[in-house]
Amino acid sequence: MTSSPNLLLTIIQAILPILVTLGFGYFAAYRKDFDAQQAGVLTRLVMLYALPLELFVSILSTPKAQVLSAGPVAALILLAMVGGYAAVFSVFRFALKRRLSEAAIIAMTITGPSVPFIGIPVLGQIFGAASGVPISIAALAMNLIQLPITLILMGHDHGNRQVRDTTTERRNELRELVGHLLHSCREPVVWVPLLALVLVSAGAFLPVFLKGSFLLLGHTTGGAALFASGVVLFTRQVRFSPLVGTIVGIRNIVIPGIIYALARSWHLPPQALQESVLTMAIPSASINVILAMRYHVLEREIASVLFFGTLTSIATMAFFIWLTGA
């Protein structure tokens, strides 16, 4: 069993770089060295090139048997992200009577972990190359399911459509959904991990010289993404509120707690339990801030969730790392 000093050191090594890098981004924005538009360029670099390369190498560096046995981890992550999205949206839309766009962005914020940004430095520190599997599953769930649905719901609420009848409206929504799905499938963060999963299932491996070449850019993923998030945080004036506290509490504590209980009840192996719980213990993704700013919905609240959620994740992720014995 891991001794307490070693466990504490592991937690510090995994989580402290998050705050330090966020702090550098925040400081850079304070000095006016970077603005939100330039942070968007960094985010685009991460999502189009650095992250896909990092995931490609991570998956192809994972043993085939481990990839093929990731079914329970995938089931838990999909249950949390897809089932959780539907549940949270229903509560905020129908029980709490929130606007359509507000319920959608809140559901995405609560159930979408920041796997491209925080997953790489934290899970990579703990699980090594094997972290590419749960990160890829979560990234696919977000980009293929959560994001298209959220864009449709927010766009539907925001736009001023002149719809003649219900049939036409449904036809337009279906066309819009298909369009978002096709657009998502063209994104490298979607098709590159899928390609890697197919290759590793077929027994392929990555030559050493290619691995080093891809990782030169791939290793910038965590740092560049967190730095960009720090810049975005400075541009929004964050403020704590009951809604912010509720979202952060559900995102950082309740959801990983439920996944932990399910994993224990399913008697999953230790690593599968650790991977699924810690993936869902990652705080909210910064893409939610971008969506909130784009549609002018709960902008300050969602930015505040990113700030307070990331800040408190030091304690909450440390707790789940200790609880799972990662």
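This is a predicted model: local features need pLDDT of at least 70, side-chain atom pairs count only at pLDDT 80 or more; totals for chains, interfaces and linings use all residues.
Colour the pair by accessibility and you will find arginine 31 partly exposed, at 49% relative accessibility. Aspartate 33 is partly exposed as well, with a relative accessible area of 39%.

Is glutamate 102 buried or exposed? At 14% relative accessibility, glutamate 102 counts as buried, because the cut-off for buried is under 20%. Side chains of opposite charge can pair when their charged atoms come close.

Now switch to the surface view and select Ile12, Leu16, Val20 and Phe24. These residues form a nonpolar patch, and together they have about 360 Å² of accessible area. Click on isoleucine 12 for a closer look: this residue sits in helix H1, residues 4-30, and is partly exposed, with a relative accessible area of 39%.

Next stop, the open space. The largest pocket contains about 910 Å³. To centre your view there, select Thr43, Met47, Leu147, Ile287 and Ile290, which are the closest to the pocket's centre among its 31 lining residues. Then show the helices around them: H2 (36-60), H6 (115-127), H7 (132-158), H8 (166-186), H11 (221-235) and H14 (287-295) each give two or more residues to the lining. Which helix gives the most? That is H2, with eight residues. Colour the pocket lining by residue class and you will see 20 nonpolar, eight polar and three charged residues.

Rolling a probe the size of a water molecule over the atoms shows where empty space is left. The structure holds one cavity of 30 Å³ or more, and the largest cavity has a volume of about 50 Å³. Select its lining: Leu22, Ser114, Phe117, Ile118, Leu226, Ser229, Ser284, Ala285, Ser286, Leu306 and Thr310. The elements that give two or more residues to this lining are H6, H11 and helix H15 (299-324). What classes of residue line the largest cavity? Six are nonpolar, five are polar and none is charged.

Notes. Residues are numbered from 1 along each chain as its sequence is written. Side-chain values use heavy atoms; hydrogens and water are left out. On a 1 Å grid over the protein atoms alone, a cavity is a set of points where a 1.4 Å probe fits but cannot get out, and a pocket is an open set with protein on both sides within 12 Å along at least five of seven lines; lining residues have an atom within 4 Å of a point. Grid points are joined across faces, edges and corners, and a volume is the space filled by probe spheres set on the points. Helices (H or I, at least four residues) and strands (E, at least two) are DSSP runs, numbered from the N terminus. Ala, Val, Leu, Ile, Met, Phe, Trp, Tyr, Cys and Pro count as nonpolar, Asp, Glu, Lys and Arg as charged, and the others, Gly among them, as polar. Patches are made of residues with over 30% relative accessible area and no salt bridge: like charges are joined within 9 Å, nonpolar side chains (Val, Leu, Ile, Met, Phe, Trp, Tyr) within 5 Å. Accessible areas come from the Shrake-Rupley method with a 1.4 Å probe; for residues, only the protein chains shown count as cover. A salt bridge is a side-chain nitrogen of Lys or Arg within 4 Å of a carboxyl oxygen of Asp or Glu. Buried means under 20% relative accessible area, exposed over 50%, partly exposed in between (1.4 Å probe, protein chains only).
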